[in-house]
Amino acid sequence: MSRRNPYRQDHHTRAARAAGYPARSVYKLEEIHRRLKLIALGQRVLDLGAAPGSWSRFAAEIVGGGGLVVAIDLQPIDAIAVLGRGAVVQRLEGDALAPNEELVAEAPFDVVLSDMAPRTSGNKLRDRYLSYELALGALQVARQLGREGSNFVAKIFMSEDFEDAKRQVSEAYDQVKVIRPEATRGASTEVFLVGARLKPEAMLPTPSAPDESSGSAPAGSSGASAPHVGTSRARSGGPSGSRATRSRG
Ligand SMILES: C[S@@+](CC[C@H](N)C(=O)[O-])C[C@H]1O[C@@H](n2cnc3c(N)ncnc32)[C@H](O)[C@@H]1O
């Protein structure tokens with residue numbers, strides 16, 4: 001039997017590669033944006049679960065030179081992957097659900113994106129529940145760090161908890177939409193919950209950075225280690241291996 005990845009050569013993968021994006025997932029955000037116009041020139045965008053960087057690059061191309069994209073992931077994000085039309089792109093390595101000093105300092109954001117996905121375990125029920133938790137964690141970050149009127153996109157796997165997640169987004173935003181982009185693979189149960197215009201009454205206080213000495217993680221943390229925060233813009237981090245790097249495309 002062939003060991004080739006059956007998805008390797010699909011249309012979106014080839015197109016993404018040709019256009020310089022590191023992942024085909026860019027076409028999911030491209031479709032969501034084409035339909036709903038969630039991101040605009042000069043805006044500040046927070047991209048949760050950003051590696052390898054396609055969504056951040058797409059967002060950087062839209063916000064342009066006057067805009068900012070903050071990209072955070074548990075995995076490192078390559079600088080080249082996110083370069084786009086002069087926007088400042090700040091790459092952070094760590095748990096997106098435990099906002100650190102560096103992230104909080106860039107708030108408020110006009111748009112909060114989450115393409116976060118759990119590391120799949122093979123247990124579908126468990127993976128779907130973890131996806132629901134990530135979507136709700138992203139919603140909490142969006143309510144803490146989004147400005148009034150900001151927009152929100154979060155990936156979620158379809159499950160019996162989906163309606164609850166949708167209800168929570170609809171309570172926080174003026175308008176909610178569910179989009180399954182054409183680039184989503186046939187077998188996938190993922191959809192995207194989109195919230196337009198964060199309501200003022202749904203905004204949560206901006207969290208203070210975790211106290212590293214206490215070792216405690218803030219509410220909404222996925223349990224992964226919080227990033228070590230420093231003043232250096234480009235360095236290898238402490239024991240957690242976290243790092244923060246800023247570049248201009
Ligand atoms: C589907 S990939 C994102 C692809 C990305 N949107 C792109 O276009 O290049 C999902 C990412 O979510 C990240 N992730 C999952 N849980 C996370 C968490 N708690 N904090 C930060 N990143 C997380 C994973 O490390 C993974 O890189």
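Me: In E3, which residue is the bridge partner of Asp 73?

Reply: In this predicted model, strands E2 and E3 run parallel and are joined by six bridges. Strand E2 covers residues 68-73 and strand E3 covers residues 88-93, and the residue in E3 that is bridged to Asp 73 is Glu 93.

Me: In E5, which residue is the bridge partner of Leu 113?

Reply: Strand E4 is joined to E1 by four bridges, the two strands running parallel, and within that pairing Leu 46 has Val 112 as its partner in E4. E4 also runs parallel to E5, to which five bridges join it. Six of the six residues of E4 are buried, and the partner in E5 of its residue Leu 113 is Val 153.

Me: Why is helix H3 described as largely enclosed by the rest of the structure?

Reply: The buried residues of H3 include Trp 55, Phe 58 and Ile 62, and also Arg 57 and Glu 61. Among the elements that cover them are helices H1 and H2 and strands E1, E2, E3 and E4. Helix H3 is largely enclosed because, of its 10 residues, the number that are buried is 10.

Me: Which residue with a positive phi follows H3?

Reply: Helix H3 consists of residues 54-63, and its buried residues include Val 63. The residue that follows the helix has a positive phi, near 65°, and is Gly 64.

Me: On the other side of H6, which residues are exposed?

Reply: In helix H6, residues 162-172, the residues Ala 165, Val 169 and Ala 172 are buried. They cover an arc of only 65° around the axis, so they lie on the same side of H6. These buried residues pack against helix H5 and strands E5, E6 and E7. On the other side of H6, the exposed residues are Glu 163, Asp 164 and Arg 167.

Me: Why do residues three or four places apart in an α-helix point the same way?

Reply: In helix H6, Ala 165, Val 169 and Ala 172 are buried, and these residues are on the same side of H6 because the arc they cover is only 65°. Residues with that spacing point the same way because the number of residues in each turn of an α-helix is 3.6.

Me: How many residues does H5 contribute to the largest nonpolar core?

Reply: The largest nonpolar core has 61 residues, and those with the most contacts inside it are Leu 48, Ala 59, Val 69, Val 112 and Ala 138. The largest share of this core comes from helix H5, and the number of residues in that share is eight.

Me: How many of the residues of the shell around the ligand are charged?

Reply: The ligand is surrounded by 24 residues, and the closest are Gly 49, Ala 51, Ser 54, Ala 96 and Asp 115. H3 and E2 each supply at least two residues of this shell. When the shell is divided by residue type, 15 are nonpolar and six are polar, while the number that are charged is three.

Notes. Residues are numbered from 1 along each chain as its sequence is written. This is a predicted model: local features need pLDDT of at least 70, side-chain atom pairs count only at pLDDT 80 or more; totals for chains, interfaces and linings use all residues. A residue is buried if 20 or more other C-beta atoms lie within 10 Å of its own, exposed if 12 or fewer, and partly exposed in between; C-beta atoms are placed from the backbone. Two residues are in contact if their C-beta atoms, placed from the backbone, lie within 7 Å. The arc is that of the directions from the helix axis to the C-beta atoms. A residue is near a molecule or strand if its C-beta atom, placed from the backbone, lies within 6 Å of it. Ala, Val, Leu, Ile, Met, Phe, Trp, Tyr, Cys and Pro count as nonpolar, Asp, Glu, Lys and Arg as charged, and the others, Gly among them, as polar. Two strands pair if DSSP finds at least two bridges between them. A nonpolar core is a set of buried Ala, Val, Leu, Ile, Met, Phe, Trp, Tyr and Cys residues joined through C-beta atoms within 7 Å.
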